[in-house]
Amino acid sequence: MTQQNAAPFSQLVPYYMLERKRRQTRLVTKDGRCNIEYGNIKYSTHFAFLVDFWTTFVEIRWRFVLFIFIASFTLSWFIFGLLWYWIARSNGDLAWQEPPSDHIPCVDNVVGLTTAFLYSLETQQTIGYGGRAITAECPGAVTLVIIQSLLGAVINCFMCGIILSKISLPKKRAKTITFSEMAVISPRNGTLCLSIRVANLRKTLMIGSQIYGKLLRTTTTPDGETIIMDQVNIDFLVDAGKDNLFFVTPLTLHHVIDKSSPFFDMAVDTLHDKEFELVVFLDGTAESTSSSFQVRTSFIPQEIMWGYNFLPIISKSKEGKYRVDFSNFSKVVPVATSHCAYCYHNIKGHHLHSRTGQDNPGFEVIEIDNPPNVTKM
């Protein structure tokens with residue numbers, strides 16, 4: 001009994017590992033991050049990142065930005081504190097130097113390293129408690145306070161610009177654009193289509209939105225050359241048109257599977273055995289900030305459902321308002337579909353799909369009694 005159960009389990013482990021490997025080896029993750037790493041880069045090219053230091057600072061992680069923010073201010077305060085301590089020591093202002101009662105210091109109440117650091121902090125941050133103040137006794141101190149004030153203003157502007165740029169990055173707007181978890185293949189308007197659903201979670205529109213796709217796969221040329229990442233263009237259509245989309249409600253993207261489509265030679269029983277990745281891009285401009293951004297996602301064969309269609313999510317209430325039910329955003333329903341694209345287009349009798357449409361359970365039917373001013377012919 002135990003041996004009979006052990007055999008199927010030993011077969012499931014390799015299958016599980018193979019499925020896990022397929023899901024991990026993808027170029028673009030579901031949230032749009034590119035899974036790629038660069039190797040053997042020459043050390044001389046690292047200098048290019050230092051030259052373009054602004055982009056480097058904007059693109060680094062928040063933990064490093066916060067570290068640089070704290071380190072830049074603290075280090076500048078400490079360095080100028082040492083300079084103020086050196087000026088006070090040169091003028092004999094320190095407590096251990098025992099200055100006479102009629103001695104005029106360069107900076108009042110700077111009598112040690114701690115007070116010199118505090119005066120540096122107060123000067124650069126323009127705090128001005130009033131306990132420590134510069135005098136006209138030392139020209140070097142006047143020069144130093146000018147230099148520290150200018151450098152402090154530069155540090156403030158630079159760090160505030162970095163933080164503001166990171167907060168307002170266009171890709172943050174892309175977080176409110178979501179794609180369906182799965183893609184579906186089903187008949188639509190007399191054609192076999194691969195469909196994907198996309199939604200804008202904000203009420204502000206996107207200007208000049210464009211949607212396109214790339215199919216990534218490994219191919220072998222007639223010359224025997226293996227192309228690891230061969231890219232094939234995938235065209236998408238929506239009900240609202242291809243360009244200048246009115247992206248106010250969730251849209252369903254449709255790719256027609258015809259003889260020119262790379263999905264034409266696939267079938268329901270061979271789709272999940274293929275090795276490819278469908279990357280979908282959405283480019284647009286935010287209406288509120290006028291910043292351009294790009295949203296990306298990808299689908300592997302295990303995330304494409306053959307013979308399913310999305311549930312409707314848009315309804316209209318009795319008050320005349322349109323309502324979007326996001327609980328059905330990624331839900332699908334099975335529909336009668338031919339088992340391969342070739343059969344759908346070339347074999348008579350394989351157009352197995354329902355022509356009655358799909359009922360929208362959220363749609364409200366409004367009855368109008370005795371309509372006024374009806375013209376009869």
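Helices are DSSP runs of H or I with at least four residues, strands are DSSP runs of E with at least two, and both are numbered from the N terminus. This is a predicted model: local features need a pLDDT of at least 70, side-chain atom pairs count only at pLDDT 80 or more, and totals for chains, interfaces and linings use all residues. Residues are numbered from 1 along each chain as its sequence is written, and side-chain values use heavy atoms, leaving out hydrogens and water.

**View 1. The whole protein chain, with its confidence.**
The protein chain holds 8 helices and 13 strands. It has 377 residues, and 34% of them count as buried (under 20% relative accessible area; exposed is over 50%, partly exposed in between; 1.4 Å probe, protein chains only). Take contacts (heavy atoms within 4.5 Å) between residues at least 6 apart in sequence: 65% of them join residues at least 24 apart. The mean pLDDT (the predictor's confidence in each residue, from 0 to 100) is 80, and 80% of the residues score at least 70. Confidence is lowest in helix H1 (residues 2–24), with a mean of 55, and highest in helix H4 (residues 62–90), at 95. Where pLDDT is low, the predicted coordinates should not be read in detail.

**View 2. Helix H4 and what covers it.**
The expected span of a helix is 1.5 Å times one less than its number of residues. For the 29 residues of H4 that gives 42 Å, and its end C-alpha atoms are 42 Å apart, so the two agree. Buried residues of H4 include Phe73, Ser76, Trp77, Phe80 and Trp84. Their cover includes helix H3 (53–59), helix H5 (113–124) and H6. After H4 comes Gly92, with a positive phi near 75°.

**View 3. Gln124, in helix H5.**
Gln124 is buried, with a relative accessible area of 6%. Two polar contacts are in view (N or O atom pairs within 3.5 Å; within protein, one atom must be able to donate a hydrogen and the other to accept it, and residues adjacent in sequence count only if both atoms are side-chain atoms). One joins the side chains of Gln124 and Ser76 at 3.0 Å. Another joins the side chains of Gln124 and Gln148 at 3.3 Å. Beyond its neighbours within four places in sequence, Gln124 touches Phe73, Ser76, Trp77, Phe80, Gln148, Gly152 and Ile155.

**View 4. Trp96, in the loop between H4 and H5.**
Trp96 counts as exposed, at 52% relative accessibility. Past its neighbours within four places in sequence, it is in contact with Tyr85 and Arg89. Gly112 lies 16 residues away along the chain, yet the C-alpha atoms of Trp96 and Gly112 are 8.5 Å apart.

**View 5. Ser186, in strand S2 (residues 183–188).**
Ser186 is buried, at 2% relative accessible area. Its side chain reaches the backbone oxygen of Tyr308 at 3.3 Å. Outside four places in sequence, the contacts of Ser186 are Thr191, Leu192, Cys193, Tyr308, Asn309, Val335 and Thr337.

**View 6. An open sheet of 4 strands.**
The order is S5-S4-S7-S8, and the pairing is antiparallel (two strands pair if DSSP finds at least two bridges between them). Strands S5 (226–234) and S8 (292–299) stand at the edges with a single partner strand each, so one side of each has no neighbour in the sheet. Neighbouring strands are turned by 25° against each other on average, direction ignored (axes are lines fitted to C-alpha atoms, for helices over the stretch in contact, and angles run from 0 to 180 degrees between N-to-C directions). Strand S4 (residues 206–220) pairs with S5 over 7 bridges. Gly213 has Ile234 in S5 as its bridge partner.

**View 7. Ser260, in the loop between strands S6 (251–256) and S7 (276–286).**
Ser260 counts as exposed, at 67% relative accessibility. Its side chain makes a polar contact of 2.8 Å with the side chain of Asp258.
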